[in-house]
Amino acid sequence: MKRIFWLGLVTGVGIVLLYLSRFWIWSVWPRSGLFGLEDLRPQGGLLATWLRGTDFAPFELLVWAIGVFLILTILQKLYDRLS
């Protein structure tokens, strides 16, 4: 049961990270945004929106990759401590 929980958690985090990236290809919810929030647009790519106008905008993919690595590393450390 604990293994199913952790697999579900990592899958959920992976879906959120994919949504933040430019690689999100599904339009699952309406144009008005998820739960009516306009900031959660259906085409994803939130990281590019957040970085627009900053010095980090050209490095969006690198920032995303480093963030994914850090988040998954933290999840692994959390799993190791709780197991």
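User: Start with Leu18. Is Leu18 buried, exposed or partly exposed?
Analyst: Leu18 counts as partly exposed, because its relative accessibility is 28%. The cut-off for buried is under 20%, and for exposed over 50%. Keep in mind that this is a predicted model.

User: Which element holds Leu18?
Analyst: Leu18 lies in helix H1.

User: And what is Leu18 in contact with, leaving aside neighbours within four places in sequence?
Analyst: Phe23, Trp24 and Trp26.

User: How far apart in space are Leu18 and Val68?
Analyst: Their C-alpha atoms are 9.3 Å apart. In sequence the two are 50 residues apart. Val68 is one of the buried residues of H3.

User: Zoom out. How many helices and strands does the chain have?
Analyst: Three helices and zero strands. From the N terminus on, the order is α-α-α.

User: What is the radius of gyration, against a compact globule of 83 residues?
Analyst: The protein chain has 15 Å. A compact globule of that length would be near 12 Å. Along the principal axes, the C-alpha atoms fill a box of roughly 40 × 30 × 20 Å.

User: What share of the residues is buried?
Analyst: Buried residues are 22% of the 83.

User: Of the contacts between residues at least 6 apart in sequence, what share joins residues at least 24 apart?
Analyst: 46%.

User: On to electrostatics. How many salt bridges are there?
Analyst: The structure holds one salt bridge. Glu60 forms it with Arg22. The closest N and O atoms are 3.6 Å apart.

User: Which parts does that pair tie together?
Analyst: Glu60 lies in helix H3 and Arg22 in the loop between H1 and H2, so the pair ties together parts 38 residues apart in sequence.

User: Is Glu60 buried or exposed?
Analyst: Glu60 counts as buried, because its relative accessibility is 10%. Not counting residues up to four places away in sequence, Glu60 touches Arg22, Leu47, Ala48 and Leu51.

User: Which residues of H3 are buried?
Analyst: Glu60, Val68 and Leu75. What covers them includes H1 and H2.

User: What span should H3 have, and what does the model give?
Analyst: H3 has 23 residues, so at 1.5 Å a residue the helix should span 33 Å. The end C-alpha atoms are 33 Å apart, which agrees.

User: Now the surface. Which residues make the nonpolar patch?
Analyst: Phe56, Phe59, Leu62, Val63, Ile66, Phe69 and Leu70. The patch covers about 720 Å².

User: Why does each count as partly exposed?
Analyst: Leu70 counts as partly exposed because its relative accessibility is 47%. For Ile66 the value is 45%, so that residue counts as partly exposed too.

User: What is the C-alpha separation between Ile66 and Leu9?
Analyst: 20 Å. The two are 57 residues apart along the chain.

User: Switch to the loops. Where is Ser21?
Analyst: Ser21 is in the loop between helix H1 (2–20) and helix H2 (46–51).

User: Buried or exposed?
Analyst: Ser21 is buried, because its relative accessible area is 1%. Among residues beyond four places away in sequence, Ser21 touches Gly44, Gly45 and Trp64.

User: And Pro58, where does that sit?
Analyst: Pro58 is in the loop between H2 and H3. At 66% relative accessibility, Pro58 counts as exposed.

User: How far is Pro58 from Ala48?
Analyst: Their C-alpha atoms are 9.1 Å apart in space. In sequence they are ten residues apart. Ala48 is also one of the residues that Glu60 touches.

Methods
Residues are numbered from 1 along each chain as its sequence is written. This is a predicted model: local features need pLDDT of at least 70, side-chain atom pairs count only at pLDDT 80 or more; totals for chains, interfaces and linings use all residues. Side-chain values use heavy atoms; hydrogens and water are left out. Patches are made of residues with over 30% relative accessible area and no salt bridge: like charges are joined within 9 Å, nonpolar side chains (Val, Leu, Ile, Met, Phe, Trp, Tyr) within 5 Å. Accessible areas come from the Shrake-Rupley method with a 1.4 Å probe; for residues, only the protein chains shown count as cover. A salt bridge is a side-chain nitrogen of Lys or Arg within 4 Å of a carboxyl oxygen of Asp or Glu. Buried means under 20% relative accessible area, exposed over 50%, partly exposed in between (1.4 Å probe, protein chains only). Helices (H or I, at least four residues) and strands (E, at least two) are DSSP runs, numbered from the N terminus. Contact means heavy atoms within 4.5 Å. The radius of gyration is taken over C-alpha atoms; the globule rule is 2.2 Å times the number of residues to the power 0.38. The expected span of a helix is 1.5 Å times one less than its number of residues.
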